[in-house]
Amino acid sequence: MFNLLIGGAAGQGIETAGAVFEKYLKHNGFNIFSTKDLMSRVRGGHNFTNMRISRQRVRTHDYMVDGILALNQDSIDLHLQSLRESGFVLADESLQSTDERVISLPMNRIAKELGNPRVASSVAVGALIRLFDLPHDRMTELFG
């Protein structure tokens, strides 16, 4: 089983990224148990989705995570203590951390180059798919 946390600010596409990645995983034969923690959009705040992913049946979540997809600094600051030693954090290059488990990628810059800064979470999902070495053949269906 693999536990993934996707975190960011309200409006950054956390729900969309989670839903797209879940759909992709299901199409590739995985089972998922997902929980969402959503703050009030009126006051803003930190939102996150915690997914437990397996080829076997999944019945519950786990508070310890193997991977974090951090779309904002709070996602690193608030959840790094829940990351297993062997885990990783996938984050935009603008986010700060001295933790060696952080993999910095230019997600925001790529989204701007694609012509829509709001698709950074979709860029992040693409990075996750590549990181997990999952097949790319259905990506067009997912994002098209």
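Author: Happy to. Before we look at helix pairs, one definition: axes are lines fitted to C-alpha atoms, for helices over the stretch in contact, and angles run from 0 to 180 degrees between N-to-C directions. Keep in mind that this is a predicted model.

Reader: So how do I describe a pair of packed helices?

Author: In general, two packed helices are described by the angle between their axes and the distance between the axes. Here, helix α1 (residues 14-27) packs with helix α4 (residues 120-131) at an angle of about 30°, and their axes are 9 Å apart.

Reader: Are α1 and α4 roughly parallel or roughly antiparallel to each other?

Author: The cut-off settles that: angles under 35 degrees count as roughly parallel. α1 and α4 are therefore roughly parallel to each other. As for handedness, the crossing of α1 past α4 is right-handed.

Reader: Which residues make the contact?

Author: On the α1 side, A17, V20, F21 and Y24; on the α4 side, S121, V125, L128 and I129. Sorted by class, the contact of α1 with α4 has seven nonpolar residues, one polar and no charged ones.

Reader: Now the sheet. What is the order of its strands?

Author: The sheet is open, with six strands in the order β2-β3-β1-β4-β5-β6 and mixed pairing. To spot the edges, look for strands that pair on one side only: those are β2 (31-37) and β6 (102-105). From one strand to the next, the twist averages 15°.

Reader: How many bridges join β5 to β6?

Author: Strand β5 (residues 83-92) is joined to β6 by four bridges, and the two run parallel.

Reader: Let me try a single residue. Where does S34 lie?

Author: In strand β2. With 27% relative accessibility, S34 counts as partly exposed, since that label covers values between 20% and 50%.

Reader: What is S34 in contact with, leaving aside neighbours within four places in sequence?

Author: E22, T49, N50 and M51.

Note on methods. Residues are numbered from 1 along each chain as its sequence is written. This is a predicted model: local features need pLDDT of at least 70, side-chain atom pairs count only at pLDDT 80 or more; totals for chains, interfaces and linings use all residues. Side-chain values use heavy atoms; hydrogens and water are left out. Angles under 35 degrees count as roughly parallel, over 145 as roughly antiparallel, 65 to 115 as roughly perpendicular and the rest as oblique. A crossing is left-handed if the near helix is turned anticlockwise from the far one by less than a right angle, and right-handed if clockwise. Contact means heavy atoms within 4.5 Å. Ala, Val, Leu, Ile, Met, Phe, Trp, Tyr, Cys and Pro count as nonpolar, Asp, Glu, Lys and Arg as charged, and the others, Gly among them, as polar. Two strands pair if DSSP finds at least two bridges between them. Buried means under 20% relative accessible area, exposed over 50%, partly exposed in between (1.4 Å probe, protein chains only).
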